[in-house]
Amino acid sequence: MEKVLIKGAGDLATGIACRLHRCGFSVAMTEIAVPTTVRRTVAFSRAVYEGNALVEDIEGVLCRNTKEIDNTVNQNKVAVIVDPSCETLKSWRPDIVVDAILAKVNLGSKMSDADIVIGVGPGFTAGEDCHVVVETKRGHNLGRCIWEGSAFPNTGVPGMIGGYDKERIIRAASDGIFTGAVKIGTLVKKGDVVGHSGENPIYAEVGGVVRGLLQDGVAVTEGMKSGDIDPRGVVEHCWTISDKATAIGGGVLEGIFHIKKKRGVR
């Protein structure tokens with residue numbers, strides 16, 4: 001099986017990982033030591049502090065080295081390793097690299113990193129630092145492969161869901177240590193306390209279901225994204241990969257197979 005290294009293990013990166021895993025690729029993912037994923041129930045980054053993470057029907061397992069990565073993927077699981085500098089790229093030697101850190105800038109990925117290199121979201125230019133870019137902005141082009149140029153620039157405004165955009169984001173009220181006042185999957189009303197940053201309460205700005213929330217103990221700064229509320233209020237969606245992550249995963253899969261077709265590789 002071909003080896004894919006995905007930089008990042010948040011919810012969108014996990015959507016990519018699950019699509020590739022189901023299509024027969026061996027998948028490993030890198031993460032930072034203290035993940036800041038808010039949609040933790042559908043992110044393999046959770047394995048960093050829990051040891052493993054089940055997303056739908058696929059298990060992610062925390063690994064410490066290349067040997068453990070090989071053992072994990074050979075058991076038909078997704079490997080997760082704490083490796084912010086991506087040293088795994090040198091030791092595991094993947095066939096495909098997908099940069100899904102979503103930093104809005106390229107933090108070091110190059111076309112020479114693997115036979116196929118894919119950039120997810122803004123910050124990459126197809127033909128310069130990667131072979132193809134996959135669009136992450138909600139709307140008509142979500143999940144589309146970009147073969148020349150870059151993805152839509154980051155606007156700083158989250159996509160519209162249920163008639164709300166920035167109101168649905170839970171943000172830290174101050175610098176401090178985050179603690180949740182509710183759990184993912186809780187239905188809340190506008191004005192409810194959903195967490196604290198230090199001693200300061202964080203209030204919901206819209207009613208709906210808490211779809212994402214940082215794990216307790218993460219250091220936050222004022223205004224930092226600490227969770228999100230889905231105003232559509234469908235609790236079951238908290239435990240399944242989102243439409244956005246699924247579309248982006250499909251774009252990555254299309255990019256891989258299109259490049260192989262052009263190269264005459266089956």
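This section describes the strand order, helix packing and nonpolar cores of a predicted model.

An open sheet is built from nine strands, arranged in the order β3-β4-β5-β2-β1-β6-β7-β8-β9, with mixed pairing. Its edges are formed by β3 (52-55) and β9 (145-146), each of which pairs on one side only. Helix α1 packs on this sheet and touches β1, β2, β3, β4 (58-63), β5 (78-82), β6 (96-99) and β7 (116-120). The direction of α1 makes about 165° with that of β2. Within the sheet, strand β1 (residues 3-7) is joined to strand β2 (residues 26-31) by five bridges, and the two strands pair in the parallel sense. In this pairing, I6 stands opposite M29 in β2.

Both I6 and M29 also belong to the largest nonpolar core, which holds 38 residues. Together with I16, L20, F44, V98 and V252, these two residues touch the most other members of that core. When residues up to four places away in sequence are not counted, the contacts of I6 are A13, I16, A17, V27, A28, M29, T30, V98 and A100. Another core, of 19 residues, lies apart from the largest one; I69, C86, V97 and A151 are among its members.

Two packed helices are described by the angle between their axes and the distance between the axes. For helix α1 (residues 11-22) and helix α5 (residues 243-263), the angle is about 50° and the axes are 8 Å apart.

Strand β12 (residues 187-188) runs antiparallel to β15 and is joined to it by two bridges. Here L187 stands opposite V209 in β15. Strand β17 (residues 225-230) is likewise antiparallel to β15, the two being joined by four bridges. The bridge partner of G212 in β17 is D228.

Notes: Residues are numbered from 1 along each chain as its sequence is written. This is a predicted model: local features need pLDDT of at least 70, side-chain atom pairs count only at pLDDT 80 or more; totals for chains, interfaces and linings use all residues. Side-chain values use heavy atoms; hydrogens and water are left out. A nonpolar core is a set of buried Ala, Val, Leu, Ile, Met, Phe, Trp, Tyr and Cys residues joined through side-chain atoms within 4.5 Å. Buried means under 20% relative accessible area, exposed over 50%, partly exposed in between (1.4 Å probe, protein chains only). Contact means heavy atoms within 4.5 Å. Two strands pair if DSSP finds at least two bridges between them. Axes are lines fitted to C-alpha atoms, for helices over the stretch in contact, and angles run from 0 to 180 degrees between N-to-C directions.
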